[in-house]
Amino acid sequence: MIIKADNEDRLIYRISVRSFVEFILRSGDIDNRRGNLGEVDAMLEGAKLHRKIQKSMGDGYSAEVALKLCLFEDKYDFLIEGRADGVFKIGDVNYIDEIKGVYMSISELSEPVPVHLAQAMCYAYMLSRQENYDKMGVRMTYADLDTYETKYFEYEYTFEELTEWFDNLYHEYTKWIEFELAAGRELTDTGLKLQFPFPYRDGQEELVKNVYVSILRKKNLFIEAPTGVGKTISTVYPSVKALSAKLAEKIFYLTSKTIVRQAALDCFKKLIDNGLTIRVLTITAKDKVCFLEKRECNPVECPYAKGYYDRVNDATFEFIQSPGIYDRERIVEFAREHELCPFEFSLDVSLWCDAIICDYNYVFDPNVYLRRFFEEGIPDSYIFLVDEAHNMVDRGRKMYSATINKEEVLRMKHFMVSENMPLVARELDNLNKILLSLKRNCEEYKILESYSQLSLGIHRLNNAIMRMYEINKRYRGGEAWDDFSLRIRHFVNMLEIASDDYICYAEHDENGDFVVNLSCIETARVLQAKENAARSNIFFSATLLPINYYKHMLTEEKEPYAIYAKTSFDNEKKKVLIASDVSSKYTRRNKAEYRRIAEYVEKAYEAHPGNYMVFFPSYKMMLDVYDEVKEEWRENEDFLILQTMDMDEESREAFLQNFGEDSSLIGFAVLGGVFSEGIDLTGDRLIGAIIVGTGFPKTSHEREVLKTYYDDNGKSGFDYSYRFPGLNKVLQAGGRVIRTAEDKGVILLLDERFLQSDNKALLPREWDNYEVVTIDSVSDKIRKFYS
């Protein structure tokens with residue numbers, strides 16, 4: 001749904017046919033037992049099916065017919081549009097053809113799905129009104145996606161029947177239109193008057209203007225924004241102004257970690273306090289808001305799923321009447337009161353919000369992206385604010401890569417035999433044999449130049465799984481089976497989009513299992529497909545270095561804008577020290593080197609006691625150095641706290657709570673982990689970050705595949721696979737020290753490799769005043785800085 005102004009400043013309410021009928025006609029339960037895997041795959045395979053059927057229809061058949069209908073009301077124009085799969089004629093009656101693919105035996109269908117038929121009827125009404133037809137036919141074409149066997153349901157309607165049917169739907173929808181018009185006017189009236197809520201820092205007004213101009217010109221923008229710039233408000237404020245001017249429909253503020261969302265929420269709250277009327281939603285992961293101890297999304301196990309679609313529209317309309325921040329607590333409280341699934345309710349509320357704060361996944365992930373916004377593929381509708389954008393490279397690779405494990409395939413084959421599912425068991429056995437053949441020809445790892453047989457085996461297995469779900473609609477194989485099925489489906493989907501920017505390679509992994517990876521190397525193409533929905537993508541981070549690397553990896557736009565935002569913080573309040581007599585290189589990892597690192601930690605703390613965090617390249621090295629420090633400070637062991645593996649949200653919060661204004665302690669953490677970015681320990685809560693090593697990833701088959709790819713394509717493979725991602729972790733960890741203009745602290749880099757020219761060139765300009773230290777001079781340098 002989009003509200004925008006045309007050349008005459010008249011408001012246009014725009015919606016797709018599919019969104020219109022699905023919203024009004026939905027009913028019943030949330031039920032994850034219905035073989036929804038098949039439904040999703042049917043959509044993904046549907047394009048091939050459509051083309052095949054359309055080509056077989058002959059010359060009198062028009063495929064993909066664009067249809068629009070505009071109704072002129074007093075306060076707005078209502079524009080509904082879409083593409084009919086086909087238009088053809090039987091005798092003197094024109095027909096709309098609506099094609100649907102399913103994983104099931106077509107003979108089992110006795111009538112079309114009501115929402116599918118409604119979509120076709122909507123097209124029939126639009127065409128008959130456009131061409132003045134007295135009568136229209138509708139044909140529902142259902143096809144088995146395995147066999148392409150088809151079944152037809154044909155109906156004829158008079159224009160009067162279609163008109164009455166459509167008018168009833170439209171009348172039911174008008175209250176939502178009127179709500180959005182009123183909400184839009186409030187946003188515009190208050191947003192256009194809105195002033196920047198703080199005195200501008202040095203260079204901040206220019207940054208705000210650059211963001212607005214990028215949105216206005218439909219350009220992507222990369223912002224290197226060190227701490228002290230105020231990057232969150234500097235991106236949110238101009239985006240709200242653009243929204244108020246009807247340049248876009250919604251703002252999506254995208255983050256990689258829950259902890260980062262609070263800064264965005266605080267900015268929106270500040271704007272609301274200054275007079276802005278807006279609706280801002282935070283989307284929280286399903287498992288974190290589910291009311292059940294164990295999530296079961298079906299009407300038998302969950303009362304909040306039963307009859308959900310019968311209640312949700314009325315509840316949503318009631319909820320959105322009050323603007324403001326729709327955070328987790330507000331959503332959960334209302335959902336519980338109205339017996340609604342809180343996660344699904346938040347998604348339904350999102351349709352009527354102006355800004356949505358959520359994880360990257362809800363926009364970019366091919367499996368969980370919000371189809372209600374992005375499936376129609378309408379370009380330039382949104383503004384994407386991508387916070388901590390340096391994370392998007394690795395996250396993008398993970399989203400668009402796929403893996404299959406031979407040992408797991410064999411386990412699942414035995415499981416399917418025990419479940420009496422012979423069709424799926426047979427395809428699992430076939431796939432296991434294909435993987436066994438690949439395994440026999442792979443010593444450590446091997447890039448597969450051809451993998452057509454593997455591709456065929458995975459497709460056949462996926463089809464068998466889909467057919468099993470259609471035949472056994474209530475089948476539940478447990479968490480392990482569900483997870484495996486989803487990953488098989490994902491592998492199929494990635495095979496469909498894989499191109500020259502993918503590499504398929506086989507390997508024996510660290511556990512000794514044989515796996516095949518379909519790895520997305522270049523992320524720009526797959527991310528761009530999602531970015532096209534935005535009028536402008538604003539990528540920002542304190543550590544987008546080198547910026548050309550991130551431009552290359554995150555967008556296909558030829559000349560995106562890029563700016564460096566100067567920090568307003570006093571650089572003299574930060575001291576960067578680089579140790580020249582220590583290293584974390586694998587060849588130097590021994591007890592003597594660990595003792596030296598421990599001594600650096602001890603000397604830094606003793607030179608100026610306070611709260612320090614020490615970051616290590618691995619858990620093992622962290623524990624080894626921790627033991628060294630603990631051995632030296634046996635009587636003061638309480639000063640030391642340690643990050644543990646698999647800490648939950650409560651444990652992470654408890655870890656951070658140890659860092660008080662009056663405490664003095666040393667926290668041991670992992671570089672690139674949850675404590676090395678996105679946390680704010682202001683004032684004396686953190687006065688020093690000691691970073692062990694350059695952060696270069698451990699040598700692995702995956703990294704070597706990346707290195708080879710980039711070397712072969714004219715780029716520095718080492719930079720792309722090791723140096724750039726490694727040093728980014730260092731910069732993020734170092735950025736934890738200075739969070740406000742009043743903060744003062746030390747960043748101590750413990751690795752002589754930081755002094756190498758290639759690494760030194762990637763340090764931010766705010767670190768240019770670094771000094772070189774040794775174990776003998778580090779204490780004096782720290783004391784001098786604080787004195």
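In which sense do strand β21 and strand β24 pair, and over how many bridges? Select residues 612-616 for β21 and 688-692 for β24: they pair in the parallel sense over four bridges. (Strands are DSSP runs of E with at least two residues, helices are runs of H or I with at least four, and both are numbered from the N terminus; two strands pair if DSSP finds at least two bridges between them.) Zoom in on Tyr612 and you'll find it opposite Gly688 in β24.

A quick word on what you're looking at. This is a predicted model, where local features need pLDDT of at least 70, side-chain atom pairs count only at pLDDT 80 or more, and totals for chains, interfaces and linings use all residues. Residues are numbered from 1 along each chain as its sequence is written, and side-chain values use heavy atoms, with hydrogens and water left out.

**Stop 1: the seven-stranded sheet**

Now widen your selection to the open sheet that runs β22-β23-β21-β24-β25-β20-β26, with parallel pairing. Look at β22 (640-642) and β26 (771-773): these edge strands each have a single partner, so one side of each is left without a neighbour in the sheet.

Next, show helix α22 (residues 619-632), which packs on the sheet and touches β21, β22, β23 and β24. (Contact means heavy atoms within 4.5 Å.) The direction of α22 makes about 160° with that of β23.

**Stop 2: a pair of helices**

Jump to α17 (residues 452-471) and α18 (residues 479-497), whose axes come within 10 Å and cross at roughly 130°. That makes α17 oblique to α18. (Under 35 degrees counts as roughly parallel, over 145 as roughly antiparallel, 65 to 115 as roughly perpendicular, and the rest as oblique.) Show side chains where they meet: Ile458 and Leu461 are among those in α17, and Phe484 and Ile488 among those in α18.

**Stop 3: the other sheet**

Select the eight strands β11-β10-β12-β9-β13-β18-β8-β19, which form an open sheet with parallel pairing. At the edges, β11 (324-326) and β19 (561-564) each pair on one side only. Strand β10 (residues 279-282) pairs with β11 over three bridges, and Arg279 stands opposite Gly324 there.

**Last stop: zoom out**

With everything shown, the protein chain has 27 helices and 26 strands. Its C-alpha trace spans about 95 × 70 × 50 Å along the principal axes.

Note on methods:
Axes are lines fitted to C-alpha atoms, for helices over the stretch in contact, and angles run from 0 to 180 degrees between N-to-C directions.
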